[in-house]
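Dear colleague,

Please find below the structure I would like to hand over to you.

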Amino acid sequence: MDASLIPNIELFIAQVDPFNHLPKALISQIAANIEIRYLPQGEVIAFAEQTDKRLLYIIRIGAIDQKKTNGELRARLESGSVFGFSIFNPKEDEKYTACAIENCLIYQIPYTLLNDILQQHPEYAAYFANEAGVRLHNASKSGWLQNQDGIFMKTVDEVANRKVATVAASATIRETAQSMCRQRRSSALIMHNGKLVGIVNDRDMTKKVVAQALDVNLPISSVMTPNPPTVAAHDLVLNAISLMMRHNLRNLPVMVDDTVIGILTATDLVQKNSTQSIFMINHIFQADSLPLLITLSAKRGAIFEALIEGGVDYQNMMQVMTLIADAFHQKLLMMAEHQLGTPPCAYCWIVAGSQARYEIHPLSDQDNAIITERELNGEERHYFSQLAEFVNDGLDKCGYERCSGGYMASNPKWCQSLAQWKHHFEHWILNPEREGLLNASVLMDLRAVYGASELAGELSRFFVERIQNNSRFLAFLVANTVRVKPPLSIFRNFVLIKDGEHKNKLNLKKRAISLLVDLGRIYALSAGIVQTKSTEERFTACYEKKTINKEMLDDILGAYRFVCEVRFKYQLEEWRRQVPLTNHIAPDELTSFERNNLKDAFRLIAKLQEAAEMRFSQKGLIR
């Protein structure tokens, strides 16, 4: 090869996935050993014939059709596409041929060269895996959201404060306060025989001691919080923050086995992180009026931006956004009860959809309902009607839009006794008409956020028991799900919206993310998994129950993570441009890396739909 061509080849392959993950020195080595091949229109690469030399191919110019052994089109590839990854799995031959549909210029890379490089640098091997799901997973891990310098991705040990005030459980309240003052700490850890048994903070001193005029010579154990939550030193700061938000904590002891090695405080974290609004959950519970909650809700956008810039992956980001949404629900319910008086009976406020799965995103709307322990009379129903309207209206004013389909507790249909809910589910399962399927699909993801959580648990167990072995209902669910296909044609081109506000764009939610969410729910129900989990957790639990295999799990997680992260990346850009956030994106806004990997993700989703059809279909239900 003419050496003068090498710089141009380097520039090209440095932008092609997966070579874009390699350092410049390795790219230069590959470029210098590339074989350039002209493939005229109509010529075929038959992989089965390559007995002497295995190659990985990059299309420089032109287009190629991959065809299965039965002649069916597998995919259409264009400039920048890479194919032939099965060379990295000697037990598997390519089950397709590659035919040039126009004159092509191909770069061929010898397997022996790549194998030597990956043997010496195994950290890059996953990018060249034969399985598309594994490649997508690693593309996601190394993508735009993984800034490892962000505080959220550090370990607790890296940011914990080693300066801790500790006192014996036998110490007096006065002695504890003096120790806190000497150490200049807002809390003290209470120890007994070298073990942590409790914690007390300055607020406890104010509310439990001063306000109650308590004798300061009493033992500190009389006012401490026993057995406080702790965090392991090796855990991520992000997980510690989630724990603090979930339990409304400002001080979290840091442990190595059973030994306290430091403390993580909200104040320390705020000082290390410019976005103090990450701790807005504390202010939510302190707010005493709806206007104050509305003011706090305006900070959610800044939290979304900070989480992404902090290097937080999409799953943990959605979890934090969900914890904040839960806090708004809980505070509004407390305010409603304070205004309306004691509820006439035990009840549970449940959330459904993305919030139930801990998958809140910036465009999530309200999906909620009420379960009461018994049937209500007219006056009692009026109480819950007022409570629900107060909460739904408050959530709307705090930026959580009302559900356009009316799936909210203020709708009388979504405020029912446990017995009535069971009756409705029984009817939906036995009569899976369109409305019944829709209603069941919404409430099959449910989680208690306030009140008698055992009511939600009993309802979840009831419908999972009814559905798990009901092959007819599962088949209807699958039939309803596979009617929507990923936006990819048989020629591997994007299928765009034809008209309306989002003309010539991709709908990443409806035609990719939601399809995997629905399939995750179906597989979880078939496996008898009662507790509502995130989509990732559902598929992982199904793998552990041997409902799906490892290859399928890798395909699912790779596709799901990549599409979610693309969506969040572009929503962040919309946020910064101060334009309305959407789930839609124009292909010309995507990078070449994103376009190629999204096509792989959509192809995998279609493959998963086909697998679900084969597993759950019944004659006459799926056409």
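Two strands are taken as paired if DSSP finds at least two bridges between them. The model is a predicted one. In it, strand β4 (residues 64-68) and strand β7 (residues 96-100) run antiparallel and are joined by five bridges. Within this pairing, A100 of β7 lies opposite I64.

Both strands belong to an open sheet of four strands, ordered β2-β7-β4-β5, with antiparallel pairing. The edges are held by β2 (44-46) and β5 (73-77); each has a single partner strand, so one side of each has no neighbour in the sheet. On average, neighbouring strands of this sheet are turned by 20° against each other, direction ignored.

Two bridges pair β12 with strand β11 (residues 195-201) in the antiparallel sense, and G198 has P226 in β12 as its bridge partner.

Finally, the axes of helix α21 (residues 535-544) and helix α22 (residues 550-577) come within 10 Å and cross at roughly 175°. Angles over 145 degrees count as roughly antiparallel, so α21 is roughly antiparallel to α22. Residues in the contact include F539 and Y543 of α21 and L553, I556 and L557 of α22. By class, this contact has six nonpolar, two polar and three charged residues.

Yours sincerely

Terms used:
Residues are numbered from 1 along each chain as its sequence is written. This is a predicted model: local features need pLDDT of at least 70, side-chain atom pairs count only at pLDDT 80 or more; totals for chains, interfaces and linings use all residues. Side-chain values use heavy atoms; hydrogens and water are left out. Axes are lines fitted to C-alpha atoms, for helices over the stretch in contact, and angles run from 0 to 180 degrees between N-to-C directions. Angles under 35 degrees count as roughly parallel, over 145 as roughly antiparallel, 65 to 115 as roughly perpendicular and the rest as oblique. Contact means heavy atoms within 4.5 Å. Ala, Val, Leu, Ile, Met, Phe, Trp, Tyr, Cys and Pro count as nonpolar, Asp, Glu, Lys and Arg as charged, and the others, Gly among them, as polar.
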